[in-house]
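Here is a short report on the model shown below. Please keep the sequence and the structure at hand while reading.

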Amino acid sequence: MRRKPLYLLTLCVMVLVGACCSLPSYHPSFWNDGGTVQYNNNCYNYSTNKRTDTFAQPGQAAGAMYTALLCPNVRTAAIADGIQSVAGPNLCPKKECTLALVVAPNWDFHWYRRDKNGMWTHKPGGTQATNLDNSNNPISNPETADRGAYTDFCGYMCACSSRKEGKGHEKIQ
Amino acid sequence: MKKSSDMEQAILSICGAAMLGLAFLACASGSAAAQTGAAAGPKVTVLIYSGRPNPTFTLSASQEERLQQLIAAARQDPGHEGKTVLPSILGYNGIVVVWSSGAGLRAVYGNHIEVRERGATRFLADNGELEEFLLSAATESRTLDAEQLRFIRTKRPGTTTQ
């Protein structure tokens, strides 16, 4: 008889912990499997820390996908997915992960995420996740990192991530 | 008695209809699988985007044969052991060929080729013939447009970025 409340309490704690946002650390091996995970999850999956195996697109899950590959359009689409836009890199709620959105105008978009140690990491499309920019330098600031053709810096956003790789809490597709 | 026999008849009719339906579904999915199987050449993905879906196409039987010939003609390249040939950079990242039959994967970037089959990975090198062949096949199938091709050619290793 005494076991029932204890069981319910444990279950409740597990549900609450599972739903909590937390900051990710840089553990690229989850994404760099050279197979299903690597090739079917893109920069949006990696930055939100959510594995979908669909090469997720901003706005797709909300039925409001971007209509042009420009900063305002991709940002609006991500907001429809529940990602919050903020004015600076240090304005996300404490437990939420800061993301940075950049765009190669009319060509493509790209996302970075800031990990628990304060450094930025990313996953260029179907390639491996990395902590280096195009010049092979660690990324302390995505605004000044070598981003190749992704010349437009769109700003910062906040996502409910997870300390477990691939288990972020945002609804993306 | 009549009621019971009516009910039995109704049940039999429903069962019969369900079985017919199942048989039809089985035939339809079988023929669809046969069609898919016939067209299932290796899938080629050109890695040029980070966020957008990358362009993909399927190799024909003759193109697959040419691909195998080019791989057979390539030389051993132990310099990449333990690493992938695909660079994690923003821009052109190479080409991936995957067989749905589970025959493995080939990755190509510039002169470098990665062959993964039966749980083992080996690295080969050529003079860029395999990459050029796949880019030509992508252009022929209209998978890549002129702008995408120009982007790839200027970002390929050994070419000057403009």
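How many residues has helix α3 of chain B, and what does the helix reach from its first C-alpha to its last? Helix α3(B), residues 129-140, has twelve residues and reaches 16 Å. That is close to the 16 Å expected at 1.5 Å a residue. The model is predicted.

## Helix α3 of chain B

Several residues of α3(B) are buried. Among them are B:Leu130, B:Phe133, B:Leu134 and B:Leu135. B:Glu131 is buried too, as are B:Ala137 and B:Ala138. Just after the helix comes B:Arg142, with a positive phi of about 60°.

## Chain B as a whole

Chain B holds four helices and seven strands. From the N terminus, the order is α-β-β-α-β-β-β-β-β-α-α.

Of the 162 residues in chain B, 40% are buried. Among contacts with a separation of 6 or more, 51% link residues 24 or more positions apart. The chain exposes about 9,300 Å², and 58% of that comes from carbon and sulfur atoms.

## The sheet in chain A

Chain A has an open sheet of five strands, in the order β1-β5-β2-β3-β4, with antiparallel pairing. From one strand to the next, the twist averages 35°.

Strand β3(A), residues 108-114, runs antiparallel to β4(A), and three bridges join them. A:Tyr112 stands opposite A:His122 of β4(A).

## A helix across the sheet

Helix α4(A), residues 71-80, lies across β1, β2 (97-104), β3 and β5 (152-159) of chain A. The helix runs at about 10° to β5(A).

How values were computed: Residues are numbered from 1 along each chain as its sequence is written. Chains are lettered from A and ligands numbered from 1 in the order in which they are written. This is a predicted model: local features need pLDDT of at least 70, side-chain atom pairs count only at pLDDT 80 or more; totals for chains, interfaces and linings use all residues. Side-chain values use heavy atoms; hydrogens and water are left out. Helices (H or I, at least four residues) and strands (E, at least two) are DSSP runs, numbered from the N terminus. The expected span of a helix is 1.5 Å times one less than its number of residues. Buried means under 20% relative accessible area, exposed over 50%, partly exposed in between (1.4 Å probe, protein chains only). Contact means heavy atoms within 4.5 Å. Accessible areas come from the Shrake-Rupley method with a 1.4 Å probe; for residues, only the protein chains shown count as cover. Two strands pair if DSSP finds at least two bridges between them. Axes are lines fitted to C-alpha atoms, for helices over the stretch in contact, and angles run from 0 to 180 degrees between N-to-C directions.
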